[in-house]
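Have the picture open while you read, and look for each part as it comes up.

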Amino acid sequence: MGPGAEIGHDVAVIDLVLHMYSRAPTRKRLAELWAKYTEDSETERKSKGFELVRVHHQTLTRMFCDDPDGDFLDIDDIRCVWEEFVDALRDASAKAGDPQPRASSLDYSDVERPAMKRSPSFAKLVKDLSSEATAPSSPAIERVSGKGMILGVGCSSRDNSARGGSEYFRRMQAEKGKMDGAALMDQLQKKGLTRNLSGTFDADAAK
């Protein structure tokens with residue numbers, strides 16, 4: 001991270017997460033640290049108002065554990081769910097009078113730093129991630145956070161809702177243009193997914 005680096009300024013928590021996820025030697029360790037955080041935060045996540053936190057926490061748990069080789073998820077997959085999780089944690093742990101970030105903000109520190117201050121279990125996770133990611137044998141950390149958030153504060157990647165809604169898909173469509181059906185099916189098959197008649201997708205059972 002460098003002697004002058006500081007979480008929330010030079011390096012964001014998402015940088016530490018992606019640093020460990022993108023490398024095979026540390027991907028398993030990331031899952032272990034996340035499992036420890038899951039234990040530490042159990043009481044907090046059961047609290048009233050933490051419903052969205054539980055949803056996004058569960059999704060991240062599956063991402064970190066179900067794809068140990070990093071074959072099916074790319075960096076933006078992790079970034080989107082991480083943004084939803086940490087933003088929901090910031091929102092759920094807020095107390096009356098706590099300042100709200102700018103609704104249009106794309107700065108990771110606007111959601112990660114308040115969550116670190118309000119949630120001891122999350123702050124412990126950040127400390128553990130930082131220790132692992134800055135070990136002497138670890139390569140330099142890439143600052144993905146420098147590109148800004150994909151969704152932004154209060155935005156959801158999936159559902160049209162009061163939290164913003166479908167921002168990720170709007171951006172992807174604007175950047176990549178519309179994809180024809182054949183190209184979409186080819187892309188899904190390359191990721192090991194097949195489409196059912198119902199329109200849902202399942203992992204391909206073929207080896």
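Here is a look at a pair of helices, then another helix, and finally the cysteines.

Keep in mind that this is a predicted model. Start with helix 1 (residues 13-21) and helix 5 (residues 75-92), which pack at an angle of about 145 degrees. Their axes sit 11 Å apart, and the crossing is right-handed. So who touches whom? From helix 1 come Val-13, Ile-14, Val-17, Leu-18 and Tyr-21, while helix 5 brings Ile-75, Ile-78, Arg-79 and Trp-82. Sort that contact by class and you get eight nonpolar residues, one charged and no polar ones.

Now hop over to helix 7, which covers residues 120-133. Its 14 residues reach 20 Å from the first C-alpha to the last, close to the 20 Å expected at 1.5 Å a residue. Which of its residues are buried? They are Ser-121, Phe-122, Leu-125, Val-126, Asp-128, Leu-129, Ser-130 and Ala-133. A handy bit of background: an α-helix has 3.6 residues a turn, so residues three or four places apart point the same way. And what do the buried residues of helix 7 pack against? Their partners are helix 1, helix 2 (24-40), helix 3 (42-45), helix 5 and helix 6 (109-118).

| Residue | Relative accessible area | Class |
|---|---|---|
| Cys-65 | 43% | partly exposed |
| Cys-80 | 4% | buried |

Cys-80 counts as buried because its 4% falls under the 20% cut-off.

Methods
Residues numbered from 1 in each chain as written. Predicted model: local features only at pLDDT ≥ 70, side-chain atom pairs only at ≥ 80, totals over all residues. Heavy atoms only, no water. Axes fitted to C-alpha atoms, helices over the stretch in contact; angles between N-to-C directions. Helix = DSSP H or I, 4+ residues; strand = E, 2+ residues; numbered from the N terminus. Left-handed = near helix turned anticlockwise from the far one by under 90°. Contact = heavy atoms within 4.5 Å. Nonpolar A, V, L, I, M, F, W, Y, C, P; charged D, E, K, R; others polar. Expected span 1.5 Å × (residues − 1). Buried < 20%, exposed > 50% of the residue type's maximum accessible area, 1.4 Å probe, protein only.
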